[in-house]
Amino acid sequence: MSVLPPEVGGALATLLQNLSSPDNQVRSHAEEQLNNEWFVARPDVLLMGLVEQMQHSQDAPTRSFAAVLFRRMSTKTRRLFGEEQESKEQFMLLQSPAKVAIRQKLLECLQSETLPDVRHKIGDAVAEVARQYSDDGENWPELLQVLFVASQSQDPGQREGAFRIFTTTPGIIQKQHEETVLAAFTKGFKDSEVTVRIAAMEAFSSFFISVQKKAQKKYYSLVPEILNILPPLKESGDSDNLSKALMSLIELAGEAPMMFKHLFHVLVQFSMTVIADKELGDLTRQNALELMGTFADYASALCKKDPSYTSDMVTQCLSLMTDVGQDDDDATEWNASEDLDVEESDLNHVAGEQCMDRLANKLGGGAVLPPTFNWLPRMISSAAWRDRHAALMAISAISEGCRDLMIGELDKVLDLVVPALRDTHPRVRWAGCNALGQMSTDFADTMQKKYHHVVLTNIIPVLDAPEPRIQSHAAAALVNFCEEAEKATLEPYLDDLLNRLLHLLQSPKRYVQEQALSTIATIADSAETAFGKYYDTLMPLLFNVLKEEQSKEYRLLRAKAMECATLIALAVGKQRMGMDAVELVQVLGNIQRNITDADDPQSQYLLHCWGRMCRVLEQDFVPYLSGVMPPLMELAGAKADIQLLDDDEQIAKVQQEEGWEMVPLKGKVIGIKTSILEDKHMAIELVVIYAQQLKGAFEPYVLEIMEKVSLPGLAFFFHDPVRVASAKSVPVLLNAFKEAHGVSRPLQRLWGTTVEKVLEVLSAEPAIDTLAEMYQCFYESVEVVGKNCLTQKHMGEFIESVRSTLEDYKQRVKKRAAEQQETEEGEEENDDILFAIEDDQTLLSDMNKAFHTIFKNQETSFLPMWARLRPFYNDFITSSDSTQRQWALCIMDDVLEFCGDQSWSYQDDIRKPLVDGMQDEIPANRQAACYGVGIAALKGGTNWSSFVAESLPLLFAVCGLPQAREEDHIFATENACASIAKILQTNSSKVSNVQDVVNHWLTTLPVVNDEEAAPYAYMFLAQLIDQRNPAVFASPDVARQCFVAIVLALEAETLQSATAQRAAAAGKQLLQTAGIDMNQVMATLSPETQQTVAIYFA
């Protein structure tokens, strides 16, 4: 029975018809009516009317459309009156009686609808209302009972509908007693109707993921029932439903792989039969592969323990990889195709390749290489070209993950790959190029240094292949090789290489020309000045391309020519280019003036080209800024293009356009045009290049960029990279302004605005990795502006930001610890957690640098503010987390370094941490503590004399550790050595046996790694030599060891300029005074060290 007057129902029915009209004008008018006369004026009547249309209309499409429109209208947000920031979705804004009446009718519709498609749409509307209640922390009490009743209904459509709603809104059943949930799902898994069984699986997956980790184990008992659903689907050839079932399993395996532990081998065997069954659909087979790959991602130990998992997976992956080029055996179609970026991610051979890559990365070479190389030699010598192609693509796929084991066997791998470059089938030759290109990246350095002759002499001739696609791919593989190669490695091959690439520039295929230009550009970048020999041949060709009037299809070719020309310019330099540099800039300017289309690829390439020409011309680029900056500023100042997408039609339309990202939010989808944001990011990065290169000459643009781009960009929350680029631009722009104005009132005015905004984002930035960038922006900016640039207010705001950041950090650490406790044995540590830990370590490091910079520039004026966080320092310094201990130790070091004798006021906070730190098992923490003791001696004055004297045994203990000279420990050792020197040289009043300590200290030399520690150690040694201290001259052996220590430091270049000269002079004096036999010394030194002796002591 209708609660609305008949005329209202009639008007709404007419509106629905008009909204579906093919006539644009009618439809537009109806949209206006919907929004203005219904949604804004009487939303309660609209929503009730739509429910009544669902309930009473005799027309199925009308009922379906009413459900879709209800969902859209009920989720529209409206701003609350008097609340600027808060907004709510429309349904929750209705009066309580209206909400109760509407939801009651919704449930009646759900129970009475007989057509599956319409019932699904009504179910979606019910789920949406349920989601709004759940988000608001409210209940819809009768819904759960209705759904549980429906799940037991005689009507399979009702049963399926109930589970579909559970899938969409699992939160409504979380609080239900698990026995009821278990019973409902168990019954659903055994349902006589396959659609209900699948819906139950999907609902269970959604529900399981929504419950807390510790509650999930209660539902592990359902796994056998879930797996029993699969075999009948396969036996009946029901590929679509089997595919859906596998998708649910993929979600469960990603969430809790160990729930399958006891039946894992059974699941592996079943999945292999699905992957191998060519009668099933490709998507189903690929989903079975994805399920197995998910276990590799999240439970690699479980996979390795299974007796057949790895060998079966490798076999099935390789088999899928042979499913390539069907109906194109001789590759005629493949050769003729010019669309090299065709989407192939849904093809079997691509799925196989991607899974091989995952297996290698997750299981490692020890597991993957034996079964893979059991097949590869047979496949590579097979008469079937698809087998040979698959073998080569497998090498490309596994080389990254198996790097550590394969790198020692590259001779054998190349013996398999290189002959493929001469294969009779073009696709095999293409795969050979692909393998060499991938190996050049994955085994970078080794491939270039050890195998350059094998690779280059075999792949360069492939540039002359008869097939354009192979020419192009060989040139692309050369990019991978050359970008990792040294100038000296490439030089002998440049003639042959560039002659053939020049030939490709004459190819009738445009994509070949484009790739040839990219390859030449890469070679120029790597060969640097050696490329000058080819300049006169290449640059005129590039000028010809750039000056020709060309149609649209040649725009990318011209863009590549710009890239190539400017990279060559960077390689050979301004002097070699002469007037060509000016001409090139003018040509680029002409191209820029003639760009009219928004999608012209030349625009993006031009921006980077201007950046390169700025680096080439340096200050000579300034006159061209007036032409370069306007389009750059337009991009850098772009606003975000964001759309709220209400229905599936809108979403589908936007998805068809390139450059959009879809973000789900409370039942709706936000569309963000990422292409605009990527351009904005790139433009700000180029601003950084100009400001860095041109310094003070860039000053005319600084204020506008700071006001309109950089400072607003710090809070541009739609795109993390924009915020990062903005953060990097701020100190560079400040420096350009300072170069032009010096430390002046204009600089202080700019700094006043800037520091307020930077401090503001330190408290507002939500992304941890980006927050680290904001701290870097802050301390680099303070460093630029200099001494006493922070007021007490600024420092107070900084400390409050740090307090908030550290509180959040402690919560994240606590949450990770709880998650780690819930991780089951055999379950992989989540990559997201590892990345989060790394992000936090970077954040703490950058925060440390901010403290260091403030202390350096503000000295003791920062101490009162700094002291507010003493509870954090004391908490961190005793933490079991080594990162936290290091963070606190480094801050204590800053107090000692920059606050002089005032640091003694905090000796209770500092002394014990330094003592404990020198005995820390983590080398970085020993280094920080040793440094702190030395700096206390150097800067702390007499108050610290007793402490530093008492620390000597611990410093010597650090130097005496068995692993003291190993790579991970050497910096701690050298800092301990330097700190002993600082104590003896500057603060030894409480050292009772100075001469004995000096004798012992000489044994801690040399210092050949730490450039900060070395000068202190060697200046003290030079002083001892000047004073003819008996410790140095006690015996010829000791004197000789001291001389060799000086030589080693000079060779390592840990001593520079004046300190190097001072140490060398002391070494000469030692030679003469101690009567050291130079021949005897030289006999103990390496040829390289002997050269150092010849330079400094000839």
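## Helices α41 and α42

Val730, Leu734, Phe737, Lys738 and His741 of α41 touch Pro746, Leu747, Leu750, Trp751, Thr754 and Val758 of α42, where contact means heavy atoms within 4.5 Å. By class, that contact has 8 nonpolar, 2 polar and 1 charged residues (Ala, Val, Leu, Ile, Met, Phe, Trp, Tyr, Cys and Pro count as nonpolar, Asp, Glu, Lys and Arg as charged, and the others, Gly among them, as polar). This is a predicted model, with pLDDT of at least 70 needed for local features and 80 or more for side-chain atom pairs, while totals for chains, interfaces and linings use all residues. Numbering starts from 1 along each chain as its sequence is written, and side-chain values use heavy atoms, leaving out hydrogens and water.

Helix α41 covers residues 720–741, and its axis sits 10 Å from that of α42 at an angle of about 170° (axes are lines fitted to C-alpha atoms, for helices over the stretch in contact, and angles run from 0 to 180 degrees between N-to-C directions). The pair is therefore roughly antiparallel, a label for angles over 145 degrees. Helices here are DSSP runs (H or I, at least four residues), numbered from the N terminus.

## On to α43

Helix α42 (residues 745–764) also pairs with α43 (residues 768–785): their axes come within 10 Å and cross at roughly 160°. So α42 and α43 are roughly antiparallel to each other too. Their crossing is left-handed, i.e. the near helix is turned anticlockwise from the far one by less than a right angle.

On the α42 side, the contact uses Gln748, Trp751, Val755, Val758, Leu759, Val761 and Leu762, while α43 brings residues including Leu771, Met774, Tyr775 and Phe778.

## Helices α10 and α11

Back in the 178–189 stretch, α10 meets α11 (residues 194–210), with axes that come within 8 Å and cross at roughly 145°. Val181, Phe185, Gly188 and Phe189 are the α10 residues in the contact, and the α11 partners include Val196, Arg197, Met201 and Phe207. Here the classes come out as 9 nonpolar, 1 polar and 1 charged.

## Cavities

The whole structure holds 2 cavities of 30 Å³ or more (a cavity is a set of points on a 1 Å grid over the protein atoms alone where a 1.4 Å probe fits but cannot get out).

Helices α7 (116–135) and α9 (156–168) each give two or more residues to the lining of the largest cavity, and α7 has the largest share with 5. That lining divides into 3 nonpolar, 4 polar and 3 charged residues.

Note on methods
Parallel < 35°, antiparallel > 145°, perpendicular 65-115°, else oblique. 1 Å grid on protein atoms, 1.4 Å probe; cavity = no way out; pocket = protein on both sides within 12 Å on 5 of 7 lines; lining within 4 Å. Points joined across faces, edges and corners; volume = space filled by probe spheres on them.
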